[in-house]
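Hello,

Here is the structure I promised to pass on to you. Have a look at it first, and then read my notes below.

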Amino acid sequence: MSQKQEYKIRLVTKEFLNSDTCYLGFECPGIASSAIPGQFVNISAGTVFLKRPFGIASVDKANGIFYIGVKIVGKGTSEIAKFEPGLTADCLGPLGNGFDFEGYDNIILTGGGTGVFPINFAYETLTSLGKNVTVCEGFRNASQVILNKPGYVLTTDSGDTGIKGTVIAGLDTLEIKDPSNTLVCCVGPIPMMKAVGAWAGGKNMKCLVSMEQRMACGAGICLCCTVKVKDDGPDGYKNVRCCKEGPVFDSREVVW
Ligand SMILES: Cc1cc2nc3c(=O)[nH]c(=O)nc-3n(C[C@H](O)[C@H](O)[C@H](O)COP(=O)(O)OP(=O)(O)OC[C@H]3O[C@@H](n4cnc5c(N)ncnc54)[C@H](O)[C@@H]3O)c2cc1C
Ligand code: FES
């Protein structure tokens, strides 16, 4: 795992993917060269108190740029969405454990909402390694669809594009030939990750999920980002830090 550091990053590209979501490229060779899929960065949002966490969506190692996607939901994200090229921000990263794809030739990537950003980084990394990758993405409706590439299985709740239903309807269309050599990875809302974990478990496949708890320090100090994971102790569970021990967990370990 790469070592996190505090950086001064500079915005170099920005585009809006839809009315409330933008895609930002920041110059930072340290993060671009060391980040792995599933890791995240904690970025200062103007004068807003506390940095905000975002999954790394892509890296351009040659030019020292990393990308994030930001959906505007409150003060911090609206400040970041107002950034213009040339602006600098403070950034801690890369943070967290990231996905471990070791030992699997077939990977099913599943994303929903802003989870499609880390899934994009995983897709780019795995295809460059020559792995057999299938991507299934779910959105509420056609206007919410972002970063969807040809060949991806697409579902929408509304059915106005893609398969009508949740990502499970999309996953059900896949033919699983070698479950023990197939890893499922999922980033999205909690109900989606729980359902995808159960779907994978029902087919004897391991499923890694990336939890997006509310965070403050992002560095394992404040203990505000805990996730309950199964444990042999008297309580049957223990609290671990999403930012430090996660954000990626085996879905079977999470107390949903
Ligand atoms: C590891 C990790 C990776 C993330 N990756 C992305 C990403 O790639 N793109 C992206 O747009 N967002 C991502 N998020 C969520 C993002 O960090 C929050 O949306 C952001 O911090 C909200 O800040 P705000 O000041 O705009 O909103 P606030 O004013 O703090 O909150 C506004 C609303 O957003 C909700 N909210 C805040 N934080 C979270 C959270 N962590 N999860 C769910 N809801 C939240 C609040 O409950 C509230 O309803 C990620 C979060 C984590 C922990
Ligand atoms: S955000 Fe502070 S310990 Fe995780």
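From which domains does the shell around ligand 1 draw its residues? At least three come from each of domain 1 (5-95) and domain 2 (106-250), with bounds that come from an automatic or database domain assignment.

A word on conventions: this is a predicted model, in which local features need pLDDT of at least 70 and side-chain atom pairs count only at pLDDT 80 or more, while totals for chains, interfaces and linings use all residues. Residues are numbered from 1 along each chain as its sequence is written, and chains are lettered from A and ligands numbered from 1 in the order in which they are written.

Back to the ligand. Of the 21 residues around ligand 1, the nearest are K71, G74, G76, T77 and T114; a residue is near if its C-beta atom, placed from the backbone, lies within 6 Å of the molecule. The shell holds nine nonpolar, seven polar and five charged residues (Ala, Val, Leu, Ile, Met, Phe, Trp, Tyr, Cys and Pro count as nonpolar, Asp, Glu, Lys and Arg as charged, and the others, Gly among them, as polar). At least two residues of this shell are supplied by each of β4, β6 and α2 (75-81). Helices (H or I, at least four residues) and strands (E, at least two) are DSSP runs, numbered from the N terminus.

Next, the sheet. Seven strands form an open sheet in the order β4-β3-β7-β1-β2-β6-β5, with antiparallel pairing; two strands pair if DSSP finds at least two bridges between them. At the edges are β4 (52-55) and β5 (58-60), each pairing on one side only.

A hairpin through two residues joins β1 to β2, and β1 (residues 5-18) pairs with β2 in the antiparallel sense over seven bridges. In that pairing, N18 has T21 as its bridge partner. Strand β2 also pairs with β6 (residues 65-71), again antiparallel and over seven bridges. There L24 stands opposite I68, and E27 stands opposite I65.

Why is β2 largely enclosed by the rest of the structure? Five of its seven residues are buried, so the strand is largely enclosed (buried means that 20 or more other C-beta atoms, placed from the backbone, lie within 10 Å of the residue's own).

Best wishes

Notes:
Buried ≥ 20, exposed ≤ 12 C-beta atoms within 10 Å, placed from the backbone.
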